[in-house]
Amino acid sequence: MLDLLVKHATLPDGTSADIACEDGLISAIEPNIPSEAARTIDATGRLVTPPFIDPHFHMDATLSLGTPRMNVSGTLLEGIALWGELKQIQSVDDIVQRALAYCDIAVSMGLGAIRSHVDTCDDSLTGVQALLEVREKVKDYIDLQLVAFPQDGVLRDPTAMENTIRALDMGVDVVGGIPHFERTMADGADSVRQLCEIAAERGLMVDMHCDESDDPHSRHVETLAYETQRLGLQGRVAGSHLTSMHSMDNYYVSKLIALMAESEMRVIPNPLINIMLQGRHDSYPKRRGQTRVRELRDAGMTVGFGSDCVKDPWYSLGRADMLDVAAMGLHVGQLSSREDMRWCFDAVTVNSAKIMGLEGYGLAKGKKANFVLLQAPDPIEAIRLRATRLAVIRAGKVISETPASSATLSLPGRPTELDPGA
Ligand code: FE2
């Protein structure tokens with residue numbers, strides 16, 4: 001007997017199939033599977049997708065909003081200063097409890113994997129200790145990948161390099177950085193070089209907050225692409241945010257994008273946060289700050305949207321909804337054709353899974369039986385509706401269910417029940 005059978009699912013490519021799950025894997029995915037199952041779900045008219053994937057998050061700061069105070073200016077820099085105050089007063093257990101609470105929300109929203117940056121600039125490595133514990137605690141329901149992130153600058157902060165290396169020794173997965181926050185452009189470039197060398201020596205991936213500014217003259221994306229090639233790290237390096245590219249000279253960008261494509265750089269814009277934080281020094285017109293998503297995608301790079309923040313020093317909103325992230329990326333990038341909107345769904349699923357290097361991801365025989373049933377008929381409608389996650393399946397078992405959204409109408413001559421996802 002099967003563990004789970006999902007009947008008449010609509011898949012992201014528009015085809016219809018049944019999905020059979022056994023021993024944590026998809027044992028068959030084809031029309032009309034005639035089997036008995038411990039549980040059967042009728043998915044007629046509903047989309048089944050592989051899990052949502054968040055390739056950029058800060059789990060050590062999440063759900064801390066208002067502690068010890070609010071970010072009044074709303075800027076990235078006040079957020080960093082506020083985070084510095086919070087770091088002084090939070091314990092390992094504080095972070096563990098907040099992170100676990102966030103993972104509960106994330107599961108309910110169909111997230112299957114999260115790449116979280118973790119600050120490595122305190123000598124006690126409080127966040128690293130906490131999130132390593134959380135990674136272990138949630139492994140049966142969320143793949144948590146950690147990035148060693150020297151928030152205050154790996155060269156600017158006197159002990160950050162030593163602490164970042166300690167964090168990697170403790171088991172943090174990926175090398176991070178923040179070159180635009182170093183003291184000078186030269187220091188920023190040097191930080192990229194040193195951190196990429198550490199990744200190359202250890203066989204690790206790199207994911208840097210890179211040029212998260214409105215400075216058209218910032219050049220750390222170029223350095224990151226160059227170091228990727230010099231060290232043979234092609235396909236293992238991601239640039240997060242890259243917002244300075246929005247403001248750069250068009251001729252220079254045409255040269256830069258070619259260099260990035262040669263480096264197979266992964267690109268992680270964070271639409272909700274960057275539309276909120278960038279352009280804060282502008283009067284009108286205000287720049288949007290989102291990197292050049294369409295152009296980077298069209299140059300062949302893998303682009304995945306991240307959520308970055310939920311209720312923390314940088315952003316008061318958010319609810320682990322990758323469809324909300326996709327919708328913002330779509331709007332800010334003016335990705336409004338049917339093909340472009342469909343691609344935005346990939347940017348929060350398959351593209352981000354590729355960036356994280358997830359194994360066994362996808363809807364195919366032999367893949368992990370991880371998927372989400374949505375109250376929407378297709379990916380574009382899912383984005384439009386921020387569709388309800390009717391069921392979240394992990395290793396062939398339902399781990400979260402949400403009732404379908406509906407409204408009961410009392411209107412003359414009209415239906416009484418409204419299903420927004422029909
Ligand atoms: Fe970030």
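Guide: A term to start with: a polar contact is a pair of N or O atoms within 3.5 Å; within protein, one must be able to donate a hydrogen and the other to accept it, and residues adjacent in sequence count only if both atoms are side-chain atoms. As for the ground rules, this is a predicted model, where local features need pLDDT of at least 70, side-chain atom pairs count only at pLDDT 80 or more, and totals for chains, interfaces and linings use all residues. Residues are numbered from 1 along each chain as its sequence is written, and side-chain values use heavy atoms, leaving out hydrogens and water.

Visitor: Which side chain makes a polar contact with that of Q90?

Guide: Start with the place: Q90 sits in the loop between α1 (76-89) and α2 (helices, H or I, of at least four residues and strands, E, of at least two are DSSP runs, numbered from the N terminus). Its neighbours, not counting residues up to four places away in sequence, are D60, W83, I95, R98 and T126 (contact means heavy atoms within 4.5 Å). The polar partner of the Q90 side chain, at 3.2 Å, is the side chain of R98.

Visitor: Is Q90 buried or exposed?

Guide: The scale goes like this: buried means under 20% relative accessible area, exposed over 50%, and partly exposed in between, with a 1.4 Å probe and protein chains only. Q90 has a relative accessible area of 10%, so Q90 is buried.

Visitor: Which residues are the protein donors of the iron ion?

Guide: Donors are N, O and S atoms within 2.8 Å of the metal (3.2 Å for Na, K and Ca), and water is not among the atoms, so sites may look incomplete. In sequence the iron donors follow the spacing H-x1-H-x150-H-x98-D. Lying 2.1 to 2.4 Å from the ion, they are H56 (NE2), H58 (NE2), H209 (NE2) and D308 (OD).

Visitor: What is the arrangement of the 4 donor atoms around the iron ion?

Guide: Four donors count as tetrahedral if all angles lie between 85 and 135 degrees; four count as square planar and six as octahedral if opposite donors are over 155 degrees apart and all others between 65 and 115; anything else is irregular. Here the 4 donor atoms subtend angles of 84 to 174°, so the arrangement is irregular.

Visitor: How many residues apart in sequence are the parts that H209 and D308 tie together?

Guide: Both residues are buried. H209 belongs to strand β10 (residues 205-210) while D308 is in the loop between α10 (293-298) and α11, so the two tie together parts whose separation in sequence is 99 residues.

Visitor: Which strands are at the edges of the open sheet?

Guide: The open sheet has 7 strands, with parallel pairing, in the order β6-β7-β8-β9-β10-β11-β12 (two strands pair if DSSP finds at least two bridges between them). An edge strand pairs on one side only, and here those are β6 and β12 (266-268).

Visitor: What angle does helix α2 make with β7?

Guide: Helix α2 (residues 92-108) packs on that sheet, touching β6 and β7. Axes are lines fitted to C-alpha atoms, for helices over the stretch in contact, and angles run from 0 to 180 degrees between N-to-C directions.

Visitor: Which residue in β11 is the bridge partner of M208?

Guide: Strand β10 and strand β11 (residues 237-241) run parallel and are joined by 5 bridges. In β11, the partner of M208 is G239.

Visitor: Which residue in the turn between β2 and β3 has a positive phi?

Guide: Strands β2 (residues 16-22) and β3 (residues 25-30) run antiparallel, with 5 bridges joining them, and A20 stands opposite A28. They make a hairpin with 2 residues between them, and the turn residue with a positive phi, about 50°, is D23.

Visitor: How many of the 11 residues of helix α11 are buried?

Guide: The buried residues of α11 pack against β6 (52-57), β7 (111-119), α9 (271-277), α12 (338-346), α14 (379-385) and β14 (389-394). Among the buried ones are M322, L323 and V332. Helix α11 (residues 322-332) is largely enclosed by the rest of the structure, because the buried count is 8.

Visitor: Which residue does a cis peptide bond join to T67?

Guide: The bond has an omega of about -5°.
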